[in-house]
Structures are given as structure tokens and as C-alpha cells.
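This report covers aromatic rings, charges over rings and the surroundings of a ligand. Please look at the structure below before reading on.

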Amino acid sequence: MIQDGQLLNYVGGIWKRSRASEFLDVRNPATAETMVRVPLSSRDEVDEAVRAAQAAFAGWRRTPPVERIQYLFKLKRLLEEHFDEIARLTTQECGKTLAESRGELQRGLENVEVATGIPSLMMGYNVEDIASGIDEHMLRQPVGVVAAITPFNFPGMIPLWFLPYAIACGNCFILKPSEKVPMTMSRVFEVIDQLGLPPGVLSLVNGAKETVDALLDHPDVRAISFVGSSPVAKYVYGRATANGKRAQCQGGAKNAVVVLPDADMEMATRIIADSSFGCAGQRCLATAVAITVGEARSIFTEQVAHAAATRRVGYGLDPEIEMGPVITPESKQRVESLIGKGVSEGAKVIVDGRAASIPGYERGYFVRPTILDDVDPRGEIARTEIFGPVLSLMHTQTIDEAIDLVNAASFGNMACLFTSSGAAARKFRYEAQAGNIGINIGVAAPMAFFPFSGWKESFFGDMHAQGRDAVEFYTQKKVVVERWPSDWSRKF
Ligand code: NAD
């Protein structure tokens, strides 16, 4: 909800003007126009949201799961009704193409659908007669007030990795969206306001670091879900767990794909180009490095360079556009300087996307697709998450060498192989050290009923987002041992 050009918070079922003293401009990255101002909410405002959530919790946890999920069915219907309008807003604040915005909202909705299965997913288990006449049960109960802190690159989908499961399990949930793209969730919360949920079950608090720290320190917040860059993920995990909270923190990535000579080269090139340059490379499952094996080198390099050079770049609302801008001027500058760093480390720029100017959008933050060839695997550029439309190429002679390069990365979000050999695919799946594996797939994004995995520096915690892991994260197990003798006696 916007009032006087300023986003409001949603606390205790009411839209509230923030008392923040600091605000940031939210800009359309294709046009640089200011869309709205976002407040950086204070500790007091977080405390208000937590108190509203805590007050709602007692009643919400007693609401039967079959009743709780009726709100999710309604949420799905309303989000579908407003689907295009919300997707357009995502493109305007985040820069991705309309097709990409629609795609991410659809992925978000799929999590709402899976969470409607909570009455089954939340079931515990039991054994009768663990000793004569004594039974034992495992029950799942909600953990209480929980919060999620989300990144800029999927304003619609990522909050929905958490929100539906959290409330379906009986928790009360507070969202702190990215301050760079807060409008999509503000609109989604206008939809949520129509659900008739008890006040305090869902709250939205805008802000940045101070707001996050207030959530991490608040004694009544029992669990933190985080998605963002690795340094912040690590910090959030450390501070939340030191304060006795559960935490699941997804971090950054530097994903590699391996291309074998027996791959269907045309398919591999098209899919890898989409993975590297889709969402302007600002996807945690984007391909950042392509490693060719043997004879794959020349044909793959030639074809992927062609795909990069011919990609249509512009404003995501224009229908023929295939790639939008990066998120901020700082991001454009950072991506361009990292390309320069790659060159200084000996890489060759075979397609150069720096200094891009898009007719009609000269003030936008555009970087065109870029390909760096012969990137030094030991160099800084090989290890740094660029988070822009830059594909680095490396070349090896064997699949073993290629897997060694994949596994040398400090991140472990995704690794993919392109091949027509089942044996090679099996070897790769078995040996690659990453949480999400693709075989002839460029963006191995798990469906909502699978966990969104991640290893090494890409994930801090135990339970991942989505599906059964989400249910595990948002419930605590209670084990009950009980005896109901037909005759009460003091003899044991
Ligand atoms: P970011 O880490 O800058 O911000 C993420 C969130 O943390 C935001 O809500 C922000 O307000 C908050 N934040 C930022 N700095 C903070 C600090 N010092 N203390 C406390 N809170 C802070 O990330 P971003 O730039 O918004 O998103 C891009 C990053 O997210 C990339 O690294 C990308 O790989 C990663 N990402 C990972 C996944 C995954 O599933 N692993 C998914 C999407 C994005």
C-alpha cells in the first residue's frame, strides 16, 4: 500500500505509516525513474509486529489445519486474479522480462498449492505398546512467530517459498522484503488483506539492516528464513542461532556447467545461454561458468558467443525483449569492473557487454551479455559471484578435470552436465558437490514439493526451503509417551 509516495507497513492486520527517519528511493532499473520511497523501519516497529504476531499465535495455532488452508486456497485464487498486474510490477521494480516475472510468480503460487497439503504433510507418527500398555506418539506443533528476509532478484517467488508453509503449520509470519524491490510484496499483501485472516498472522515490515537485526535479536522470533548473498547469509545464520533461533540461510552461488563433446550442442548452447543471461544473470541458479571437455570447445564457444551477441536487451515490458537491466547503477558498475578484472587476469572478452546504451532507455542500468574465454580457474574472477550477464569459459580434456573444477568452488548451489551418455551423467550426479544438479538442464530449480537445496557457502542451516523440509523447519516435534491402564495400581 502506497500513501503519499511512501510504502506502508502491514502490522496486526492494519496498514501503518512507518515512523522511520530514513527512506530509500525504489527505482525502475530500465528507466531510472523513482517509483516509491521505502521506509527503513526501526526496532520499535519490528517489536510492534512481533507483539501483534505473538498475540495472534495462541488462536492461530488452535485453528484446525483444514481451516487454516482455506485461506491459502483463497490466496491462490486472488493471486491468480491479479497475476498479470503483480507480474508487471515485478518487471517495473526488478527489471526482468514480463515472461520471467510471470514465471517466478507461478513458481511462488506452486508453493501455496503444496502448502494446502499441510493436514497430510504435518502428520506425526506413533507406535503402540512400546512397553505393555504404553503408547508413544510424535506430534508436530508450530514454533511460534517466524520471520523471513528476502533478496531483490525474485520479489514474488522467494517470499512465497516460506509464507504459505509457515502459516499453514500454525505459525505467525513476518516478512522483511528486499528494500530494492518492496513493491511486489506490498501489492501481494493488499491481496492478503482481503483474506480475512486473524490480524497479526501475517505482517510486512519494510527496511534494511537495522530492521533485520531487530528481527534477529527479538526474543519472541523463534525462526529465521533468509535468502541473499553469502556474507549476509553467514552473518544472519550466526546471529540468529547465537540468539537461540532456528535458521535456514540460503546464500550466493557461482554455478558451473560441463559440456561434453557428445552433447546435443545446439540444445546445450541455447539452454546455457538462457541460464546465463536470463534475468540478466541475476539468478542464484544462473550458469556463471561453462567448462568444455575436449572437442566440445570450439563449437560450443562459437555458438554461445553468437547467442550472447544476438540476445535482445531492453525494457522488460517490451514484448520482444529477452533480457532486462541489472538492478542498480552500483550493480552495473560492479559487473563491469569485474569484467575488467577478468581481463587483467588474462581472460579474453569474446563478447563485450560493457558500456551498453539502449535506445530510449539511456538512463537504464544495462549490461549486455558478456563472454570471458580462457578464465583462469585460480583467478579471483573464477571465484567471485558476479551476479550479472557474464559467462566465463574454461576448457579441459577430461570429465574428471571438469568435475575437479566444479568441486573447487567454494559455493555449491548448482552444477549441470550436458551429455548423451548415461554413464557420464551418473558419474557427474554422484561426484559433483552441489545441492541442485541438472542433467541437460540449465536452471535446475526444484519444484515446490522438493527442497530448494544448496551446499557449502551457498547454504547455512539444516532444513531447506519448500516442501517437506519447510514443514520440518516450521514445526517442532513433541514426543508423548502415555499409559492408560484399565486398573490404576501403584505396582509397576
Ligand atoms: P543481500 O544479501 O544484499 O540482501 C538480502 C537481504 O538481506 C535483504 O533483505 C537485505 O535488506 C538484507 N541485508 C543486506 N545486508 C544486510 C546486512 N549487512 N545485515 C542484515 N541484513 C542485510 O542480497 P541481494 O543482493 O538482495 O540478493 C542477491 C544475492 O542473493 C545473490 O548473492 C544471490 O546468489 C542470492 N540468492 C540466493 C538464492 C538461493 O536460493 N541460494 C536465491 C536468490 C538469491
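Is phenylalanine 450 buried, partly exposed or exposed? Phenylalanine 450 counts as partly exposed because its relative accessibility is 47%; buried means under 20% relative accessible area, exposed over 50%, and partly exposed in between (1.4 Å probe, protein chains only).

## Basis

This is a predicted model, in which local features need pLDDT of at least 70, side-chain atom pairs count only at pLDDT 80 or more, and totals for chains, interfaces and linings use all residues. Residues are numbered from 1 along each chain as its sequence is written, and side-chain values use heavy atoms, with hydrogens and water left out.

## Aromatic rings

The structure holds nine aromatic pairs. Rings of Phe, Tyr and Trp (its six-membered ring) pair if their centres lie within 6.5 Å; planes under 30 degrees apart count as stacked, over 60 as edge-to-face and the rest as tilted. Tyrosine 10 and tryptophan 15 form a tilted pair, at 4.9 Å centre to centre and 55° between the planes. Both tyrosine 10 and tryptophan 15 are buried. Ring pairs also link Tyr10, Trp15 and Phe189 into a cluster.

## Charges over rings

Arginine 37 lies over the face of phenylalanine 23, 4.4 Å from the ring centre. Lysine 96 lies over the face of phenylalanine 154, at 3.8 Å from the ring centre. Such a charge (NZ of Lys or CZ of Arg) is within 6 Å of the ring centre and within 35 degrees of the ring normal.

## Ligand

An oxygen atom of the ligand is 2.6 Å from an N or O atom in the side chain of glutamate 179. For glutamate 385, a side-chain N or O atom is likewise 2.6 Å from an oxygen atom of the ligand.

Key:
Polar contact = N/O pair within 3.5 Å; in protein donor to acceptor, adjacent residues only side chain to side chain.
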